[in-house]
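Hi,

Here is the structure I promised to send over. Please open it first, then read my notes on the core and the aromatic rings below.

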Amino acid sequence: MTLISTLKKNRHIVTTSLCLIFILLGIVLLNTQQERLAAPAFILAFLIGGFQSAKEGISELFFDKHLSVDLLMILAAIGSGIIGYWMEGALLIFIFSLSSTLEELAMEKSRNAIAALMNMTPPTARKIEADGQITILDTADIHIGDVIQVRKGDVVPLDGKLLSSQSIFDESMITGEPLPAEKLEGASVIGGTINQGPTVSVQVSAEKGDALFDKIVQMVENAQENKSKTATFIENMEDTYVKVVLLIVPLFIFFAHFVLGWEWLTAFYRGMILLTIASPCALVASSAPATLAAISRAARKGMIIKGGDIADNIAGLETIVFDKTGTLTIGRPEVVGATYLGDEQLIKQVVQAVEKQSSHPIAQAMLTYTADSSAIALEEVQDITGKGFVAYYLGQEWKIGKADFVIGELTEPLPAELVDQINAAESTGKTLVYVSQNNDIRAIFLVEDSLKPESKVLIAQLKEMGVTPILLTGDQEKTARYVAGQVGIERVIANCLPTDKASIIQDLQKEFASVGMVGDGINDAPALAQANVSYAMGSGTDIAMESADIVLMEDLTRIPYSIRLSKKMRATIKQNIIFALAVIVTLIISNLFQSINLPLGVVGHEGSTILVILNGLRLLYFK
């Protein structure tokens, strides 16, 4: 980096430093009886320290038709110089410039949190060519279907599918989960995660810009531009506030002279102090830094909040509605048990051979469960849509599928003991897959979409916070009640069609002041859009992520965290506003009693601005 580019990047620090140097020079000249040279030194301090503020203030006035606090500071400094208070005016400019510099540095700390996110993905990737050679290319030149090499310790450049047998990946920067995730061949690998295992090959599934990590960064950047209602109100109020101050100051000067009997010089000087201390610098800075810090902190904890107004609304949630499949549950069925009434090994072999014909999630679960058995060569397989399969092996007819398809044609009724087992399994929400041989029952497989391990903890935390959890699902009442009972949800809305979900959210909004919704599928998108605050799982569909206000990267316990963070943000903004107003009132009263001079007034006013910014930035470390 060249000297000129370094100076440009740090121009706030440079101009503030030069301003201070000329002020000190002016003070030295005053003390050595060089008054004629002191004034030019102070004027140079004016010009150097106040140029940027004057430029911004005038630009906003003429181009945006907006009066800003920068203009108030410049007018106060010029007014001080007109009546001969060159040193005080220069000190005002310096302290205002110092405040702006410290504010810029503080805000840079928050922006760096996003810059750190952006720098997590490498600019290049190691592409494996058809002949096995490695070519290093920019990630922008890698396309879907290309195979890349990721060495141990390297960051995965783009989303893809693992082609190697297995490896371990650190996904903490995406999901917030501290423990590394073990991935087997065929598993999805997320760009931005770190390969902690051996060197692996990954087939790219998303190009630069479309990868999950890129979407996360883009969402956070967009969120920074989306201010909270409080911040927007304060910024809109600034113009009116400045106009009122500009009207009050001359009235105050005349009042002080004609009513209070102050000399013109004293009245004008006090008017310049009023112009300085009454400006809403701290008030304007009360909300934006806190909101920005909260959004940045959420991003670092695996949660993308899409705007300041959303970050503010989370605190008001009274109820949160949960979809079941893929939200409270893993969203992937798995066989959790089986009852065999025949040759277990033969049954597994037949199931393996039959289920290979289907891509249905339950078929995949059956394949996984019987993976230790080798498939056999069947004579014939028929897929009976919506019911199951009929297969023939060594002249024997095998049926695999639903109860009415398999049990309906059994030669012997099911034993009472087995019927009790079936009823017990169905009452706990399990799906049953039946297997028969020549119309004799041979096996029953129990399939279940297991709960996510954090679901129960999540519901307990929400209840402690006074938020009512509700389960909203298209599943049958019995299954929904069982799942709700497992996690601790009392209120259940079952047998709900996708088209009904949005209207149900609308009805709940009449009952609760603010309703949240958590979902992951296309069918959840309308309800997510209808809710006051909506969460989508980062592992869900693109449309759900687009419809939602907040994207959760895997971990449901981020929901209670988001509520606590939002409440802390609200409290911090309230603290800042009360503190800023208290300082302004205190300084105005002190000025009326002539207890402060211009430099002290500026120190109090700008010091309060810095304090509210730093108080807001504490949210970067919220735990």
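Predicted model: local features only at pLDDT ≥ 70, side-chain atom pairs only at ≥ 80, totals over all residues.

A charge sits over a ring if NZ of Lys or CZ of Arg is within 6 Å of the ring centre and within 35 degrees of the ring normal. Lysine 301 does this with tyrosine 561: its charged end is 5.7 Å from the ring centre.

Now the core. The largest nonpolar core has 47 residues. Ile320, Phe322, Tyr535, Ile550 and Ile559 touch the most other members. Helix α23 (residues 558-592) gives the largest share, seven residues. Another core, of 43 residues, lies apart from it and includes Ala45, Ile93, Trp262 and Leu587.

Next, the rings. There are seven aromatic pairs. Phe254 and Phe258 are stacked, because their ring centres are 6.2 Å apart and their planes are at 10 degrees. Both lie in helix α8 (residues 229-258), four residues apart, about one turn of the helix. Phe254 is partly exposed at 45% relative accessibility; Phe258 is exposed at 59%.

Tyr340 and Phe445 pair edge-to-face, 5.8 Å centre to centre, with 90 degrees between the planes. This pair links distant parts of the chain: Tyr340 is in strand β12 and Phe445 in strand β17, 105 residues apart. Phe445 is buried, at 0% relative accessibility. Finally, ring pairs join Phe254, Phe258 and Trp264 into a cluster.

Best wishes

Technical notes
Residues numbered from 1 in each chain as written. Heavy atoms only, no water. Core = buried A, V, L, I, M, F, W, Y, C linked by side-chain atoms within 4.5 Å. Buried < 20%, exposed > 50% of the residue type's maximum accessible area, 1.4 Å probe, protein only. Helix = DSSP H or I, 4+ residues; strand = E, 2+ residues; numbered from the N terminus. Phe/Tyr/Trp six-rings, centres within 6.5 Å; stacked < 30°, edge-to-face > 60°.
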